[in-house]
Amino acid sequence: MNVLELKNVSYMYDDGNEYVLKDISFAFEKGKVYAIKGRSGSGKTTLLSLISGLEKYKIGNIIYQGKELNAINLDYYRSHSIGIVFQSFNLLPHLTALENVVLSMEINHIKENKKEKAIQLLEEVGIDQTKANRRVLKLSGGEQQRVAIARSLSYNPDIIIADEPTGNLDHETENDIMEIFTELAHKQNKCVIIVTHSKNVASQADIVFELKKSSKRK
Ligand SMILES: Nc1ncnc2c1ncn2[C@@H]1O[C@H](COP(=O)(O)OP(=O)(O)OP(=O)(O)O)[C@@H](O)[C@H]1O
Ligand SMILES: [Mg+2]
């Protein structure tokens, strides 16, 4: 069953004069890794903004668990259903790895055992307790991305979306991060959606979608 489905979605920014996305229909299931590729400007980040409810679509349908996204409580959706990982990690550099994950739990109203849960999540992505207690700016890029993945899991969402998550990392570290995403999909039944320019990342996904360049407004 699809956890998320886009049906004939077209999108134009308010100040734009052409469609950034035109008639997109993609379906996503839990337990799989998806790669979305396409040239710069083809609308990949825009697509993730629509999926995460940051931008509102007006044409077509986005269906989450059988419900139209525009009709559900987007604050709840964003703090329960979807976790986000960025290319530049977007952690708070002066806090420790552990504090970054716990803070996300606080923001998203997780009440119990925050510290224990955060330590466990960090261990699952390969951050031991010594590193968990280190300030993020003293971790390597690959380690910071592991922390960002742990943070995205802090409220146990069904869907993880990642925008160029390995764009700042070397090939070997990219493979380590892909191993984590693949395990999240295949062992923890998450739906992982990764925007990428990397052929290596796309080759490790279960399904690859490509965005073609948009057409001009008629
Ligand atoms: N907030 C915005 N307001 C207006 N136009 C935008 C906005 N964000 C993006 N765009 C435009 O939408 C188009 C698609 O941008 P988007 O960032 O989705 O592309 P992308 O595929 O992620 O590119 P890249 O691979 O370079 O990250 C571009 O022409 C961009 O200028
Ligand atoms: Mg982008």
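This is a predicted model: local features need pLDDT of at least 70, side-chain atom pairs count only at pLDDT 80 or more; totals for chains, interfaces and linings use all residues.
**A walk through the chain**

Residues are numbered from 1 along each chain as its sequence is written, chains are lettered from A and ligands numbered from 1 in the order in which they are written, and side-chain values use heavy atoms, with hydrogens and water left out.

Now the overall build. The chain has eight helices and nine strands (DSSP runs, H or I of at least four residues for helices and E of at least two for strands, numbered from the N terminus). Its C-alpha atoms fill a box of roughly 60 × 35 × 35 Å along the principal axes. Of the 218 residues, 50% are buried, meaning under 20% relative accessible area with a 1.4 Å probe, protein chains only. Take contacts, heavy atoms within 4.5 Å: among those between residues at least 6 apart in sequence, 73% join residues at least 24 apart.

Finally, zoom in on arginine 146, which sits in helix α6, residues 141-152. Is arginine 146 buried or exposed? With a relative accessible area of 17%, arginine 146 is buried. Leaving aside residues up to four places away in sequence, arginine 146 touches Val125, Gly126, Ile127, Asp176, Ile177 and Ile180.
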